Amino acid sequence: ASTWDLTTDLKKILFEGHFMKNGKLLYKTITYGGFIGLHTGIKPNEYSLSIDTRFDNNYDKYLNEYFDNPNDEDQLIVMATRVGFEMYDNYDDMVKYMSNTPMVCPAYVIMGGVKEYEGVVMTYGPNMTLFNEWDMKNGL
């Protein structure tokens with residue numbers, strides 16, 4: 001079996017989700033059946049977002065610490081992105097929300113907007129809010 005076998009198996013449970021509220025499309029995402037977070041999404045005519053994991057030798061350590069001692073501040077990034085897509089209708093508000101939300105594990109969040117210079121890569125360390133931001137305006 002190769003690693004591509006997993007890709008073939010995952011195709012069976014992937015789908016494009018359209019999340020609606022009061023008959024209005026809030027956002028779209030490609031996700032797995034049964035998964036409640038958001039890895040990647042599009043808020044039509046406003047912004048898009050994807051998460052890339054920052055692997056290091058301690059990745060599981062931070063997740064295990066969170067599960068052993070959960071708190072109300074640190075967020076699982078896939079849940080924070082889902083909340084953001086449900087609450088924020090424009091690029092600037094979503095970037096501000098993501099920049100000020102402490103995350104459990106290290107990660108990258110890549111966002112794009114619809115206006116000139118709306119693009120950013122946000123870098124998170126474990127158990128902290130944003131610690132580095134590269135945007136289009138400042139030479140991403």
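This is a predicted model: local features need pLDDT of at least 70, side-chain atom pairs count only at pLDDT 80 or more; totals for chains, interfaces and linings use all residues.

Visitor: Is Phe19 buried or partly exposed?
Guide: Phe19 counts as partly exposed, because its relative accessibility is 28%. Tyr27 has a relative accessibility of 1%, so Tyr27 counts as buried.

Visitor: And how do the rings of Tyr27 and Phe85 sit, stacked or edge-to-face?
Guide: Edge-to-face, because the planes of Tyr27 and Phe85 are at 65° and the cut-off for that label is over 60. The centres of those two rings are 5.2 Å apart.

Visitor: Where do Tyr27 and Phe85 lie?
Guide: Tyr27 is in strand 2, residues 24-32, and Phe85 is in helix 3, residues 77-87. The pair therefore ties together parts that are 58 residues apart in sequence. Both Tyr27 and Phe85 are buried.

Visitor: Which residues form the aromatic cluster?
Guide: One aromatic cluster is formed by Phe19, Tyr27, Tyr47 and Phe85.

Visitor: Switching topic: where is Glu86 found?
Guide: Glu86 is found in helix 3. With a relative accessible area of 36%, Glu86 is partly exposed.

Visitor: What does the Glu86 side chain make a polar contact with?
Guide: One partner is the side chain of Arg82, at 2.9 Å. Tyr27 comes up again here: a polar contact of 3.3 Å joins its side chain to that of Glu86.

Visitor: How many residues apart in sequence are Glu86 and Lys43?
Guide: Glu86 and Lys43 are 43 residues apart in sequence. In space, their C-alpha atoms are 9.5 Å apart.

Visitor: Last one, Thr101. Which loop does Thr101 lie in?
Guide: Thr101 lies in the loop between helix 4 (91-99) and strand 5 (107-113).

Visitor: Buried or exposed?
Guide: Thr101 is buried, because its relative accessible area is 7% and the cut-off for buried is under 20%.

Visitor: And what does the side chain of Thr101 reach?
Guide: The Thr101 side chain reaches the backbone oxygen of Tyr97, at 2.6 Å.

Notes:
Residues are numbered from 1 along each chain as its sequence is written. Side-chain values use heavy atoms; hydrogens and water are left out. Buried means under 20% relative accessible area, exposed over 50%, partly exposed in between (1.4 Å probe, protein chains only). Rings of Phe, Tyr and Trp (its six-membered ring) pair if their centres lie within 6.5 Å; planes under 30 degrees apart count as stacked, over 60 as edge-to-face and the rest as tilted. Helices (H or I, at least four residues) and strands (E, at least two) are DSSP runs, numbered from the N terminus. A polar contact is a pair of N or O atoms within 3.5 Å; within protein, one must be able to donate a hydrogen and the other to accept it, and residues adjacent in sequence count only if both atoms are side-chain atoms.
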